[in-house]
Each structure stands twice: as structure tokens, then as C-alpha cells.
Amino acid sequence: MFFSDDIVEEVRSRNDIVDVISEYAGLKKAGNSYKCCCPFHSEKTPSFTVSREKQMYHCFGCGAGGNVYTFIMKYENYTFPEAIEYLAKRAGITLPEQEMSPEDKKKYSRKQQMFEINKCAAAYFHFLLTQTQRGKLGLEYYKKRGFTDETINRFGLGYSDIYRDDLYKYLKKKGFSDSLMRDAGLVEFDERNGPHDKFWNRVMVPITDINGKVIAFGGRVLGDAKPKYLNTKETDIFNKSRNLFAMNIARHSKRSGVILCEGYMDVIAMHQAGFDNAIASLGTAFTEGQANLIKRYTSNVYLAYDSDLAGTNAAMKAISILRSLDMSQKVIDLQPYKDPDEFIKNLGSDAYDERVHNAITGRIFEIDHIIQNYDMNNPEEKTGFMKEAARILAGIEDSTERYNYIETVASKYYLNKDELSKLVSKAGLEGNIKRDEPVYRGIRERNVETDPAEEDQKYLLTMMVNEPYLFESLSGVVSEEDFTADIIKDVAKEVFRQFRETGGVNPASILNMYEEAESQEKVSGIFTKELDFDMTPSVLEKALTDLIIKIKSNNIDRQLKDGSGISTIELAKKKSEIRRIKIRI
């Protein structure tokens, strides 16, 4: 670690996990904990739980979990020291000056190396584009699109050469390893062709995280090769469903809200035209994780998707996601042009600004979209349209807003306002009846292949951490020596030490021992594992008896198998004694 244990714990304790995660996701109180849909995977039913008491979070859907450091590392793509610095600043704590020791340098994280190699690749691509004859083709492409030198420099735009191992040779000279190039998604290796660049003969767009660090690349081919657009694969620092292109710039914009586009070329053109609040998803459909990222800075989103059918469908999905997070959604009319770039080139920035100002709400856009399926001169089809529009309007919770929408829709489509209002009320009643079913029944941890012995030890440790009085009740029967599996052994040692010295257990502080998010998640799984039985004394005694006998017997079987040096007779005698264990609380 770069900071002392005391500093690490002070920073953690001064950043309440519920308060921190609330800045990223919409937590709602649920009993003694807080819940929301997981910010790390797509889901409709909340399985992400945060405990203020334990100062930990866990998703029973995807298995993500940890303390406040784990969350910041995972969400912000931070290393452990960076997470400490971020949270220290948030809590107003001044950290002592630190000098990296030779040992610390050896521990230089893999993620940090990935940031470095991407930064180096971005600089090389930009150099090729702007300073060499080889990049002339790429520069001509950007100039043809109307990008100025200032824009090219601001976004660090670049060019990947026609030679398929050009970047590989450059990075090799810089001292980067083959494995790092592969893991960062920059170079591919196969036995037949050897190393070859992921990107070649393409204009290159660096993709940055919210803090402006290069985490990936997008490349557009120059010529007829396929695919036309190519993005870096997902890596340890790049999750395309949780990052947005140019969000690092847009979050500082003085303009209202953000303008969500389909592609990075549109975004660059819009920034050049003065719309520095433009952002784009990265080669994938808009996700809830991206919506939560936007929500940290604004709740107002303008959609500027292409005006073709694919763009319309994408806008409909985005509207649904934004609405579920109580975010404002408005759609910009780009007709008669396909995308923002075309519109601005032909009609100019002022005309586009006017379209932004006159953007229609998400619900009106949805109703405009569905009316295309109906012949409004046919009475039966008109009734069908009214019913479908009513179902959309019934989702508006605020009665005044709902009434205003009914008035607007009735006027716009020449409908009877009173009849539409009745249909909306009926649709709302039917919706409430369906919503009476329980939404959340609890979700078990993801079904993955695990070692049964390891699961048993994890289960027992979870029970003891949840009910600290068990440390005294099981004294002389269970000790830290009974926990032998993988990381559980180290965790048990620290848990027992804490109880001996303080009479309690602080799970969140134990995670401070681990710098890698993956290790922190493993440890959090121990403390947040669901207990699937009634914790009344009689049931608990039976469960503990069975579990402890099983764990101790498995440990003896392992010793017999490994040839630990203890005599077979002695181990058999111990096993016999173990079978007579009966726990009383």
C-alpha cells in the first residue's frame, strides 16, 4: 500500500457507503438496508443491497460487492491509491505526502499499466496523423468532415498506419510486454501470423473515462474493409456499458443537460459547433449504467439519435431507461437530415439550437411513433390508437402533469379529451392491479461452480460475523484454524483477531487489506452471503452442529489425502470425536 493502515481506515470511515453510492445510483430504503438495480449489470428487479451497519454492498445478481473503496475502484476505474485520494478529498482529509518505494513500484497495478499503454498508443496515433506523411490520408478524412486543427488536438484524434504490426513494434520499443498489449486490446496474437495490431488503416478516436484518462479506442476504416467502425474490446479499465464518449468534457459544460448521440463523430462535430454537452454511447445500446453516470451531473437528457428507423427504436429504448430513473427525456427533431452532423453542416448551429429548444418530451415522441401504425380515418383503428396512447399516459404519476398531457394529446391528434381521460383512468387501474404482485422476493447469489468445502467455511464465517455472540458461544469448538480455504483463511484470521481485541467485527475495514477489486469482491462475498434459514436458537443450533461437523471432517479428510505427517489413527480418532459435537447456544 502507498498509505498507512490508519490513513486507509480513517478515509473509509469518513465516507459513509450509503451516502457515496447514493451519488451514483438511486438507493431506496428496504428494511435495515438500501436497495437499487445494480449499477454494474443490467437488471429490472433490484438485487443490489447496501448495508450502512456493515458499510458494505453486494449484488445477489452478478456477485459484485465490497466496501466504499471497492465501489469507487470498480465504478471509476480507479486503482486503490486513486480511490483513497478521491475519497480523502471528498471527506476533506489531507493525505500525507507519499514517495513510492522500490517495493511499491513492483506492485504497480495492472490497471495503471493499461492506462499508460493506452496513453502511449493515443500519443503515437496522434503523432502519425499530425506530424507524418503516412498520416496524410487520415488527416484528409478529418478535414473533409470539417474538423479543425483545434478540434483534432482537443480530442487527440489520430491515425493507425497501413502496416499491421506498426503499433506493436512501437510499443515493444517502449518496453511494454506482449501480455499487456493483448490485455489492453491493442494487439492480437496467433501462431500463424504472430502479433498484429487490432487497429490498422483507420482514423482513431481515443475514448476516455470520466476523468479524461484514455481507456480505449474507436477506429473508422479508410477504405472498404469491414467492420466500418471498430472499438476496443472490454478490458479491466474499459466497460462500454458504463462509459460515455466525451462525458469528461460534457460534465463541465455550461449548457443545460446533455445531448445523447449515436456516434463519436457526431459528438465531435457538435462540440466543434459549440454544443460541448454532447455525448455518445460506445458501440452498444444505451444502458442503465450509462444513465446513472449521466444522473450524477444532470437529470436532463436530449436525444439526438439518427432519424431513421434504427435511430427511432434506439431512442424509444433510451426513453424507457431514463424514465425508470426519473430523468427528463426530450427528443430533438433532426428532419430532414439523418444525424446532427448533417443537420449542422446544412442549417447551422443556430438552427440546431432552436431544435434543441423545441425538443419534444419522451411521451409525445412515443405517441408520435405509435400513430404511424394506425389509420386515423378508420374509427376502429383510431380507438386502438387512443387505447395505446392512454396506456402511455397512465404511467404519469403526477395528476396535474397527466391532465396536461391528456389535453395536449387530445388537441394534437383531434381526439375527444373526455373519452381519452376515461381510457387513461381505466389503463391506470388495470396497471395498478397488475402491480399488486410483489416485485422483490429476494435473489440468491449467482449460480457459479464453487468448492463445497469452501462454501461451507464461508457460510460459517458469515453466520459468526452476522451474529458476533457466536464467537463466545463457539469458543473452544471453532477457531481460525478451521478455516483453510483460499482467501477465507486470511479473512478468518483477521476476524478472530478483531473480536479478541475489540469484542466486535468491522467487516468493511478487513477489505482494506486487499488492493485489487477482485480480491475485495471475494472477501465481501463472505460477509454478505445470504443465510437461507430461520435464525431461531433451535434451528441455529442444528445448522451450526451440522456445518461445524462437516467443516472439521472435511479438513481431516484433506489432511489424510495430503499426507500431513499426522498419524492416520490420530486423525481417525479426531474424526470420531468430531461426530459427537453438539452445539448449544
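**First stop: the cysteines**

Select Cys38: with 3% relative accessibility, Cys38 is buried (under 20% relative accessible area; exposed is over 50% and partly exposed in between, with a 1.4 Å probe and protein chains only). Before going on, note that this is a predicted model, where local features need pLDDT of at least 70, side-chain atom pairs count only at pLDDT 80 or more, and totals for chains, interfaces and linings use all residues. Residues are numbered from 1 along each chain as its sequence is written, and side-chain values use heavy atoms, leaving out hydrogens and water.

How many disulfides does a search of the whole structure find? The search finds zero, a disulfide being a pair of cysteine sulfur atoms within 2.5 Å. For Cys38, the nearest cysteine sulfur belongs to Cys59, 3.7 Å away. Now pick Cys36, which is also in no disulfide: the nearest cysteine sulfur, that of Cys37, is 6.9 Å away. Cys36 is buried too, at 5% relative accessible area.

**Second stop: the largest pocket**

Next, select Ile321, Arg323, Ser324, Leu325 and Asp326, which lie nearest the centre of the largest pocket among its 34 lining residues. On a 1 Å grid over the protein atoms alone, a pocket is an open set of points where a 1.4 Å probe fits, with protein on both sides within 12 Å along at least five of seven lines; lining residues have an atom within 4 Å of a point.

Finally, colour the lining by class: you will find 11 nonpolar, 10 polar and 13 charged residues (Asp, Glu, Lys and Arg count as charged; Ala, Val, Leu, Ile, Met, Phe, Trp, Tyr, Cys and Pro as nonpolar; the others, Gly among them, as polar).
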